[in-house]
2 protein chains.
Amino acid sequence: MPKRHVYLKMTPLEEARRIFFTAFDFRDYLKTECVPTTEALGRVTARPIFTRFSSPNFHSAAMDGYAVEASVTFEASLEHPKELKVGKEAFPINTGHPLPDNTNAVIMIEDVVEEGDKIIIRKAVYPWQNVRKVGEDIVATELILPPCHQITPYDIGALLEGGIFEIEVKQRPKVVIIPTGNEIVPIEKVDKEGPKKGEVIESNSWMLRALLTRVGAICEKWPVVPDEYDLLKETIAKAIDSDAHLIIVLAGSSAGSKDYTASALEELGEVLVHGVTIMPGKPTILAKVKNKPIIGNPGYPVSSVISFEQFALPLLSRMLGIVYEKRPRIKVFPARALPSKLGIEEFLRVKLGKVGKKVIATSLPRAAGSITTLTKAHGVIRIPAQKEGIGEDEPVEAELLVPEEEILNTIVIIGSHDLTIDLLASELKKVNPFLNISASNVGSLGGLMAIKKGKAHLAGSHLFDPETGIYNLTYIDRYLKDVPVKVVNLVIRHQGLIVPKGNPKDIKGIEDLTRPDITMVNRQRGAGTRILLDYKLKQLGIDPSQIKGYDHEEFSHMAVAVDVLSGRADVGLGIYAAARALGLDFIPIATEEYDLVIPEQFWHTEKIQTILELINSSDFKQAIEKMGGYETTKTGTIKR
Amino acid sequence: MPKRHVYLKMTPLEEARRIFFTAFDFRDYLKTECVPTTEALGRVTARPIFTRFSSPNFHSAAMDGYAVEASVTFEASLEHPKELKVGKEAFPINTGHPLPDNTNAVIMIEDVVEEGDKIIIRKAVYPWQNVRKVGEDIVATELILPPCHQITPYDIGALLEGGIFEIEVKQRPKVVIIPTGNEIVPIEKVDKEGPKKGEVIESNSWMLRALLTRVGAICEKWPVVPDEYDLLKETIAKAIDSDAHLIIVLAGSSAGSKDYTASALEELGEVLVHGVTIMPGKPTILAKVKNKPIIGNPGYPVSSVISFEQFALPLLSRMLGIVYEKRPRIKVFPARALPSKLGIEEFLRVKLGKVGKKVIATSLPRAAGSITTLTKAHGVIRIPAQKEGIGEDEPVEAELLVPEEEILNTIVIIGSHDLTIDLLASELKKVNPFLNISASNVGSLGGLMAIKKGKAHLAGSHLFDPETGIYNLTYIDRYLKDVPVKVVNLVIRHQGLIVPKGNPKDIKGIEDLTRPDITMVNRQRGAGTRILLDYKLKQLGIDPSQIKGYDHEEFSHMAVAVDVLSGRADVGLGIYAAARALGLDFIPIATEEYDLVIPEQFWHTEKIQTILELINSSDFKQAIEKMGGYETTKTGTIKR
């Protein structure tokens, strides 16, 4: 059994790509096969294609009218109209029909006066006017497609016209995926109640299979190999001797599977690169065994995707000799500074939305283990190894993961988190499927700051002013002096203490937080919930330093609820809906007004008007009330 | 039988789209179905999707190291290292593995000194440090995908992690295609020797089927309906009563099929639009029968594609409630002015290539009947209805039909046409599949002008100077004074008279051109072949006005050969290869030097160096000689 592996030498991305891509000679690596042209979409030509037939293959009328021998029209003019006998000198003809013998031009129907068996013309036509000549589109024997060309729908039309009904193409590259790791459980073996402790649902292999399907490769997914060195080595050797063109070994997230792959590959052939200075994606292994490429793909899902897209996809395009379409790039402005580690190229997932004239990028969590940072992302910002980050508002390029139109149709909501925002996002799709919501949770005050800096279309806020007892308006007066805004109530909601099911520690109210057997989880400074807690503590004369866990901050109600669910904390202040979603208990403490703050400059846009209409609909109000912990008596009211 | 149809009112594109797209209520138009998540790539969610399981579903190590209860580490510091007992206070753990009970943090292996059954640490960890908490990625019950969302590979990963193994999606839209027209012959019925006079190979329906396949729609292609009014009406009625979501009736290129469709639709339901002010694509019909959309698609292939892309595709995206990716756009500069008709929005197919800092657009023929103008195109320039054209060098947007990288890798050749340029394009793919050649035929002088204006990477030229007997160099001295260039011989070629097989009119030489029974076809002014002809005529003392067809100009050798093949002309001056390709006879007249003119600024680029290497290879020279009519004794020689 091999010992724990250490990256001896990490390789920068571009160097790793160069080493890997130039290590193989892909000429004639893929065999060729014949397929019907009608089924050849997306396939790649194996050799130059020459046409068999010309198109058109006869002279035909390009217009409706009369076919003539042009010289009989030469004397016609406005002053001297000329008569032609139908059936002798002029022959009625429709677009696309063959020219009668001894004719070489067509007079347009609009230029003709029809009179019994004669037509009168006032204009001459020159030879071959209004005629589609033989071979005008395609000449028999001409080169119609070069080799290494990916066949488009248009090509299919041209090939058929040129008489190519069957075509020789390169075979689809075949990729064998070998998932590994003791903890990985195939879908069909997952317990109905969910995976057991220590089990991870097999998902990376299916995700890579879908990525392969999308580019037309054939994917053979092999069964999960447990962390047994000899078995793994044997399986890889079998894959190498199969007809696969590329083998991808998926590490589980456990160290064993990662280490075994590199050792096995070293014994079987040559490890070209082990470790790439990218994040996520660092533990990539690039190897060559018997002239076949093998990739050790990292276990965390985002690492897996980024490694796959940087190494596997471009390798396939090189086998086929084609260029895969690159993601479009656009200029974006980070909502906050994006620090990054020197020496590592970082792939940062961001949400994007156009606010005013700028596309604003809000970064998602960096955790490589979090696949939802990819599913929620609109784009990826790459921070080069030699940069320590991107400053707030510093323009930078983002690769788009969604159509640009989707970004233009995105409503950017920054501020306090509430589940009714998720509901809004979902209901909005029913009203107008082309509009999207991108919500970032930075707390109520953070939302007002985003509005002030022009980085959001609207902010969700529930800031309580202890002095006046008023929600939001006094804060807006203070912080948004120069930005005219409208304020609309979204919902009145119940805040309370979220505790485990059955309330095992018998918590009754805020005063219990100081108990020595109780650890709380808090919200971040600036969050409305935090202000509420601090207000209640002050009312009760409690010093925060008496409370265990007061300094531990989370950024959303759901995160607080998860902490309680997982036993990380005994209690946290939050909304009823979050407690209910996770089956936790809830002790009501207060109701509060959750409002939307909307800059007047966006008020009349389709985006905001659609949102307002939705909020005022009875369907939406009913959906809110069904969630529990909310009141809709003020919902939709324009408070200012 | 209905009478000939006239467009009563043509509708501008945007208005036609608005009328058509708003005529239908697509809510619940598509039914839903359940599919395994693993097979759901590209499908569209029917309703919001909420997760079943959290991920991770247990606290796990985010690093390799030792799991501990954080408080036991609190006293450790650089000055005061602390010992922990392995198996009692500290537990070895690998990334991804579950934390043992009563631990809540992981000390990284790098921060530990291992000594027998103890470890020594010099740094504290805080609770939950280096731990992936339950629900860090996905929280059970949370919204993971909204409705109307097209499922990506990443989504498949997230759905599986969240315990969604089956998913409710909208059914794929089903499109029935009905080809019509007496002249249309299905592929399997085409004669081995090629279609008969008046026959057109069925190709548009297959092309649209491929376009539909690409967006995941189901396409049912019905048999060709001949131009019989009642039969057509009956077939459309049947399609409407089928389970199709969209019906597309393809007109043949003949007038009958075009007219019948509109009349039948008027009888069956409502014609919303008949005729759109676009070119190609004008004869589009948009109709509604029993709340189903029906499109009358024009017969010319380019018209068919443009109409389909403007009306059918966006309609499908509206049924699904998703946005289809738009083609990327880039700024380009037309090599020549592009005149256009007022009142018509024109879709102009162009070749693109980056020469120096600008992407140069060279327009392809405008014929709507020429599908190769789409297969050869890199992009489409849209000239709005209210514009009379685009000026030379006026920046304009082009929609890309190929990846932008392909354009950056394109070598732009403008100048005289020769078949060895096609050979070069094809052989180049074998050497470097990522490089492309875009060749435009404007004659030798046109090529030198393109070089002068910085619009080409190289020009093919065979300009004979009657005074010195030298090819090209004297012209370069005269026209390219300010542009330093290199000149490389590509080939010595034979020019001669191209005549029909068997030389029926017994043409022996240039002097026969004046015979009254002979019509010639000429090349355009500025073409090297034209200069050669004029020189020979002068030598023989022949006045061009004595020659029938002298004024009829074509732009390539192949076009001249096609004119001879089709009987349009009896003879034309051209190269042997063109005669041979079409099985015509050839009477040699002269040999000439065909050179490549290359600006020095591009000489050291990969593009030009690859071309030079290829030209000098013996493979390439042999391939040229196999074509006949060429000599390679000077091929590759740098003349200057």
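Strands pair if DSSP finds at least two bridges between them. Strand S4 (residues 65-68) of chain B runs antiparallel to S7(B), joined by 4 bridges. B:Ala67 stands opposite B:Val106 in S7(B).

A note on the source: this is a predicted model, where local features need pLDDT of at least 70 and side-chain atom pairs count only at pLDDT 80 or more, while totals for chains, interfaces and linings use all residues. Residues are numbered from 1 along each chain as its sequence is written, with chains lettered from A and ligands numbered from 1 in the order in which they are written.

Now the helices. Helices (H or I, at least four residues) and strands (E, at least two) are DSSP runs, numbered from the N terminus. Helix H3 (residues 204-214) of chain A packs with helix H2 (residues 153-161) of chain B at an angle of about 160°, their axes 8 Å apart. That makes H3(A) roughly antiparallel to H2(B) (over 145 degrees, on a scale from 0 to 180 between N-to-C directions).

Which residues in H3(A) meet H2(B)? Among them are A:Trp206, A:Met207 and A:Leu211, and the residues in H2(B) include B:Tyr154, B:Ile156 and B:Leu160. Contact means C-beta atoms, placed from the backbone, within 7 Å.

Methods
Parallel < 35°, antiparallel > 145°, perpendicular 65-115°, else oblique. Contact = placed C-beta atoms within 7 Å.
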